[in-house]
Every structure is written in structure tokens, then in C-alpha cells.
Amino acid sequence: MRIRLRLVVISLFVSVLALAPNARAQMHGEDDFAFYPDDAGFDPAIPTLEDVVGHAWGERITSPEEALRYIHHLADSSSKVTVHEYARSWEGRPLVYVVVASEANQLRIDEVRTNNLALTDPRITGADAAATLIADNPVITWLAYGVHGNEISSTDAALLTMYHLAAATTDALTDAVLANSIVVIDPMQNPDGRNRFVNHYRQSKGQWADATNASVELNEPWPRGRTNHYLFDLNRDWFALTQPETRGKVAAFMHWRPQIYVDLHEMGGNSSYYFPPQAVPYNPNIAPELLDWTEKVGENNARWFDRMGFSYFTGEVFDAYYPGYGASWPTYQGSMGLTYEQASSRGLLYARNDDTVLVYRDTVQHHYIASLSTAELAANNREGILRDFYGFGVNGIEQGRTDEIREIILPPGKDPARVDKLMALVMEQGVEVARASEPFGNVVRDYHGSEPVDREFPAGTYRISMAQPNKAFVKGLLGPDVPMDEPFLQEQRRRYLRREGDQIYDITGWSLPLLFDLEAYTASEPSTAADSLARDVLAAAPATSATVHGGEATVAYLVPWGTQGAVEGLSALHRHDIRVHSAGAAFTIGGREYPAGSLIIKTADNPDDLRSQLQMIAEHHGVDFHATDTSWVEDGLSFGSGRVRYLKQPKIAIAWDSPTSAYSAGWARYLIEVAYRYPVSIIRTQQLVRTDLSEFDVLVLPDAGFFGGGYSGVIGEQAVAGLRAWVRGGGTLIALGGATRWLTEEKVGLLSTSRKVKKIAEGTEATTTVDGISTGLPEGVLPEEEQPSGLPGPILRAQLDPEHWLAFGYGNHINLIAQSRNIYEPVTIDKGLNVATYLPLDELLVTGVAWPDELEVIAGTPYLMYQSAGGGHIVAFAEDPNFRAYFDGLNGLFMNAVFFGPGY
């Protein structure tokens, strides 16, 4: 028996298929459709999708609820299938993975998993023991679908794949897969996003599916189904682990440690099908053996696609440089990380540019065949794959012992809890971390290019040895820099000079210590003997503890500003209706120095149980409170000074919906509402003109997205006048990225600056060769000036004005990311302040890729601008500081604006 699809009556599609004669001829007269080319003898006792939810494979777009119902019915009907919940989405939907294995392997599944984990550390499992395990243990293939909720075919393909493996009785491929492998299927990584898409499609679709590209059913409204509830791209959250879907997925991955991880996606409907090999550049920390296996997977897929008559391509896009998506992160765990991309029908039908109609059923089939092909390749190469999987750890340790970086060192610094957070984060991802039990010294370099210096470190300093099985992760994500292939860079430079745009797929700077803005060092030799390091290795992630220091205060409790815990503490104080003040300058009391911004909680202003409430806040949020029985300061600002400001509980709003970037809006909401646990109202931009903004103290305008042509297309003159009056009345307006650009427009006039243009230097009119690179352009074609081209996401360095309240809690410098073309002239001192300014050219680039021409433009320009207006504030970021919630080190700037603005 073959898997077949009952076609919808063709007359339903007549009006649509008239657009595509070729597609009509292909479908007309067929009674059924074979998904699989061979007779696999499917067991009729195993339910099909139609048996459970009422529609056949690829006939409709299966909803999350329908998918889960089918999965549980399948597991109830087959002893080869088990279902495991690994997380709940923000909206409460279960995320599950399905283990498909032979009945014999299901009976020993815990043994299989334990044996597999034993292969990850050669210090525990020697070569002889590993050989015994490799001879017997199955290979583990992990197939993951639908990380982007509107990439719809993958989940239906997942259901079909698990049915095939559970139900086939006379299929050689299935026999090999079940005999030699365990297949783990994650059918729906983003159920909230998929639900959003399915609801839109079912509500928009009429009596007949419409392939017209402009039809409502093929065009989702803001924010679309790609993202999760908080509008995060879950395929960019792998190492940040900010979202419950990702945290659960990574924990499940580490629980199994599969040898192959495939992430199945969709792309534009006019494309075909993509599978690896990936495009250049390759990250140099990827093991060459994994790249060789990736080539073999591609070749096996090609054989199947050629047999089925499917079009495909490889190697043109989707590079292997950035380590933070599903095709790359697993490679730092010794797994093959693979992306498969299917042209999306965006619904049941999609009219393509070549006068054919892409049918949803076909997109499901392509992913299904690719899934089976991958499982087949793994099963047929079980021993070789397991041998190289074990070798990944062996090579990591050996290479780490001779690497130019032998150790990464992170002292507690000014915010030990932030260091603890990073260490806990990487330990979740398999990194071995030691915490020094006693002081030590070493010759080290910092992450900003310093010369080697002999330095002493205190007890409690974290040490990460490069000589560990996960050396690739340590070097690739915790190291200061990852070089990019030089020929590729030269080609991107040539393309840049020709104004063609680069082929770099994602950001190029991501070093985690830099994202967290931590003091970090590398050493070319181990700091102490190996036995000392082993003794200090942590068995569990570090936990931050905090308390109220001192007895029952008679005057006040104080919180030094400048830590993540202090910001969380302030949020909690507001939620508990505790009155709090902030010092506008530093002071010293009781021998302790308190920086500008420090919190003062006066006992006279607050309830009698103040200390017990503060103790509870300290324990829950990791913030230390210090009791004082005097307000007499030894130095600095007095408690009664006019520069000590009462911080009211701010009422915060975020502009929502088009034209904002869904990502930017979601990141801002997440940081305020989840990371710092403070309530926020979301208001559609179209309603701002009708909203009484006097209810709010803070309004956040996210970066402008691709809808509606920016804020000018939605916020008219009346709304701008209302916004201006609200700010003058005491409101704090925070603009991010493209919203800042809108503030500078002449008809808006809320920010006194303008975008900077790139001047073409004299003597560059001869454009045939630049920096030794032949451009192929004739002479004299460069304009005198043009807009900057933007940067491919490097980490840059900026200087702060530490006297301004927006920079309270920081030192003189900050790390940040730059991507956009939003570069501004400095605000003149009579109009406002440049609170954060990009450093001069020779100090600007910290890590990543940036063209010198663009760096010359951005050097010395403002990143964070401030302007007062009446009783209110305009706070303008040139880039979004909340980017992917990666930059813990930037959170303080944004939250200073949110919490301090209404008080200062």
C-alpha cells in the first residue's frame, strides 16, 4: 500500500488554476497522489491523519491542536512511538518530541541514551569502551520542524514521517532506520506562531483556495506567524535561551545528544528546495568531519530528489558561519547541524512566477522525502557517524591543549550576578566551568586587543579551559573573535565596492562575554595545574544569593546602582508599592561607596514591615540591600539634596502593530515584562491619535519594520502634535532604531539631528581598483555622497557620559551591535546631549566584520541621544539596544530610560 491523498474536487480550483495551465494539466484526472514511490505495506491498524482529524496528508494545514491529537493517537496505536513533553509555550501549548524506534530499542531506550551520552566525554569513556558502544548502539537522528510558525509544510511532513516509520511493514528504508537508529521528531517547535498562522488562514480562506499572491489568505497581518508569543525568532535564540521553547528544546537536545540535527524550514514560494552543503563562509570551529558528513547527507538527498523528479539547489545561501541557529548550534556539540528549506505555498496554493501553481501537498511531500532520506543515510552509516561523534570530544581536548587560547578567565567584576548568569547559561549548553577556590595569576589579554599583562585574580574567578570535549563551543561562542575566510571576505569587499550588497547571512559579532559587557581575558597557558582546575569544576550552575545587610534600619535601605539585580529590585519595589528615591550623584556612607543612580528606600516613607519585604525581594531577585541608621554622608550627595529624585511607579506603553518591527516590539515588551517583571501596556500605533497619553509616563516606539513605510504612514500631524504636548507635559519618549529616524524628520521635529551621509573622498574617482581589489567598474561613477551601506552586525565600542542619568551604573565604555544605516550627526550641546558616542576609528571595532569606509562614517557619531522638552524627555537610540535580548550589557541603558525618565 502507498501513502495517498484524496484530492479536493478539481472544480473548486478552476478559477485559480486558470492562472496556471501547466499545473492544471498536472492535477486533472488524478484520483489520488503517491507521497512515497514504493509499496511500503502500511499497517491498517496504525491511524492516518485523516482517521484522527478528518483531513488527508497535505489536504489542509494542520493546526497545533490537531497535530497533537494525531501524535497521541499514533503513540497509543504503536509500540514503536513514545511522546515526551519538553516545554510549554508562553500561551500554554505543549511542545513535544516523538521517539520512533524498533520495539526492541524502545524496551532499552534508557540504556541507548546512556550509552550515547558516554560517547561525549573520552575522559570518562576510553577508546576500548567507546569501540564496544559504537559496535552496538544506534545512531540518533533528530528531525525538527516548524521553528517559524508560518513555515507550514514542515509540521505536516513531521506527522507523515512519524506515521511512515511507525506503520511501514515492507519497506527496506524503514527496516534499516529502525534496526540501526533512533529517530527523534520534534514536530512543532513554535506552536503559538503556527496557531497564529492557521487561524489567519482559516479565517481568510473562502470557498476555494486562492493562489493569487495579493490575496488576503497568502498575506498575513502584523506580526505574522513566524515568531512566538513574544515575537522572537526562535531560530536565533539557541545560545541566548531567552524563550521557554528554546530552553526546553536545548535541554532535550542535551538529554539525548543526537548525531544529526535537521531543522526543516520554508523560503520564498518561487524557489525550489535547499539542502546542504552550506554556503561559504564556514565557521573555523566546525569539525571538518561534520562538514564531510554534511556532504554525504546532501548526496543522499540528491539521489532521492532525482528519483522523485524534485528540483533542488545547494551551497548558494544559508552559510555556516553564525553559530546561533538550528543548522549551526548543534555542530558545536559534535552533531551534524543541517537546514532544509522548502519553497512555501503560504497556503494551499501559490501562483509562481514561472506560471505554475505550488500546491501545499507537494511541499509536504518534499520535506517528508528529505526526512526519510536523512534517516536512511544515518542508519546506513551508523558506525562511521558514531566514531566521528566520539572523535569530536577526543579532538576537542587534544586541540584545546595546544590552542592559542588555553583558558578564558572571567573575574566577578562589578556585577558578579551577571557573570553567574553567563556561566549558568553556558553550562546548560555543555560547557565545563571551574570557579577558583583561591587566588591565582596568569599572563592574559583582555577582549579589546590589549598587550599581554601579568595579572592576579581573586578567588571566585571563573576559568574555562579550552581542553574539554566542547572546545568548539568554548572557542566559537566565548572566545573574543572568529575569523572569516579571507577569499570570501575579499569577494564581499568587492561586492561592497560595487554597491551589490554582501552575502553574509547574519551578524558577525556574538562573543558572549562581550554581549554581557563583562571583564574577560584569554590566557595562552593554563593558570594552574590540571588537578587544581579539575577540583574547582562546578557540578551545578552557580546560584546568586542576596540579602538585607544590617539590622532593622532606622533611616533607610540602600541599593548600589549598576547591576542587573538592582534593576530587577527597583521593578519589584514598584510592584510592591514601596516608595524609592534615586541619587543623582555618587555618595559614600558607612565606608561604602554608592554610585550615581543608587536607590534610597526611606523607612519613614514606607510600611512597618519594610525590612521583611526587602528580604523577600532580595532573595527572589538577587539584589542586596544595605541598612543605614544615619543619613550623614562622608562624601558626595546628601539624602536631602534636590538631586535625590523620587522615582514614581511609571505607567509604560509600547507602540504595537504596523509599522513597528514585530521583533523590536516583542524584544522591548519581553525585557520589561518578563526579564524585569514590570507591567506594560501595548497600544496599536493607529490608536495613538485617539489615546489619552496623559495616562502614561513612558512611551516606547520600537524600530520601524517593513510595513506601511514607517511611522509617517500611520502617525499624522494631529498625533505628532499630541505626542509633542505629552512630552512637554512630562512624558518620556523612547525611540529605537528606525523610530529615531522618524523623530528627525522635518515634519516631526522631535529630535534635533539629521542622518549622516557618506562623503566620497577625493581621489577615489578612479574606481577600477580599490585597496588592491578590482571592482570591474569604470572610472568616475561614484557619487559625491551617498547613504551609508550599513554593517553586518559587528560589535563596536562606544563612550558614555557617566554623569547623565541614562548612563548611571556604567563606566566609561559599552559594547553594542551595529547593523543599520541609521547614523546621525551629533546633537549640538544647545539642543541636547550625546550620552553614548561611537569611539574613534582606531578603537571602534571590537569583533566581527565591518568595512573601513563604513566605520569611518560611524566613528564619533552618537548611539544614544538625549533631548529635554518642557518637563519631559526624548531618548533616542540609533540602533535597537534590545536586539534579540542578547545584549545583557545594554539592558541597563534601556531600563534607565524606562525607570529613571519619569523621576529625572
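Predicted model: local features only at pLDDT ≥ 70, side-chain atom pairs only at ≥ 80, totals over all residues.
Which ring does the charged end of Arg669 sit over? The ring belongs to Trp656, and the charged end of Arg669 lies 5.5 Å from its centre, where a charge counts as sitting over a ring if NZ of Lys or CZ of Arg is within 6 Å of the ring centre and within 35 degrees of the ring normal. Arg579 gives another case, its charged end sitting over the ring of Tyr646 at 4.2 Å from the centre.

Residues are numbered from 1 along each chain as its sequence is written, and side-chain values use heavy atoms, with hydrogens and water left out.

Now the neighbours of S27, where two strands are said to pair if DSSP finds at least two bridges between them. S27 and strand S28, residues 681–684, run parallel and are joined by 4 bridges, and the partner of Ala653 in S28 is Ser681. With strand S29, residues 698–701, the pairing of S27 is also in the parallel sense, over 3 bridges, and here Ala653 stands opposite Leu699. S27, helix H22 (residues 662–675) and S28 together make a right-handed β-α-β unit, right-handed meaning that, with the strands pointing away from the viewer, the path from the first strand over the helix to the second runs clockwise.

Turning to the sheets, there is an open one of 7 strands with mixed pairing, in the order S1-S2-S4-S3-S5-S9-S6. Its edge strands, each pairing on one side only, are S1 (81–88) and S6 (273–274). S6 runs antiparallel to S9, residues 336–343, through 2 bridges, and Tyr273 has Gln342 as its bridge partner in S9. An open sheet of 6 strands, again with mixed pairing, has the order S18-S24-S19-S23-S20-S26, and its edges are S18 (548–549) and S26 (644–646). S26 is joined to S20, residues 581–583, by 3 bridges in an antiparallel arrangement, with Ala583 opposite Val644.

Next, the interior. A nonpolar core is a set of buried Ala, Val, Leu, Ile, Met, Phe, Trp, Tyr and Cys residues joined through side-chain atoms within 4.5 Å. The largest such core has 243 residues, and those with the most contacts inside it are Leu410, Leu422, Ile601, Phe625 and Ile734. Helix H13, residues 360–380, supplies the largest share of this core, 10 residues. Apart from it lies another core, of 31 residues, including Leu693, Leu701, Val720 and Leu751. As for Ile601, its contacts (heavy atoms within 4.5 Å) include Val555, Leu573, Arg579, Leu610 and Phe625, leaving aside residues up to four places away in sequence.

How many aromatic pairs does a search of the whole structure find? The search finds 55, a pair requiring that rings of Phe, Tyr and Trp (its six-membered ring) have centres within 6.5 Å, with planes under 30 degrees apart counted as stacked, over 60 as edge-to-face and the rest as tilted. Trp57 and Tyr70 have ring centres 5.8 Å apart and planes at 90°, so this pair is edge-to-face. Because Trp57 lies in the loop between helix H3 (49–53) and helix H4 (64–77), and Tyr70 in helix H4, the pair ties together parts that are 13 residues apart in sequence. Trp57 is buried at 4% relative accessible area, and Tyr70 is buried at 0%. The rings of Phe587 and Tyr594, by contrast, are stacked, because their centres are 5.1 Å apart and their planes at 10°. Phe587 is buried at 2%, as is Tyr594 at 4%.

Finally, Glu593 is in strand S22, residues 592–594, and counts as exposed at 65% relative accessibility. Glu593 touches Phe587 and Thr588, residues up to four places away in sequence not being counted.

Conventions: Buried < 20%, exposed > 50% of the residue type's maximum accessible area, 1.4 Å probe, protein only.
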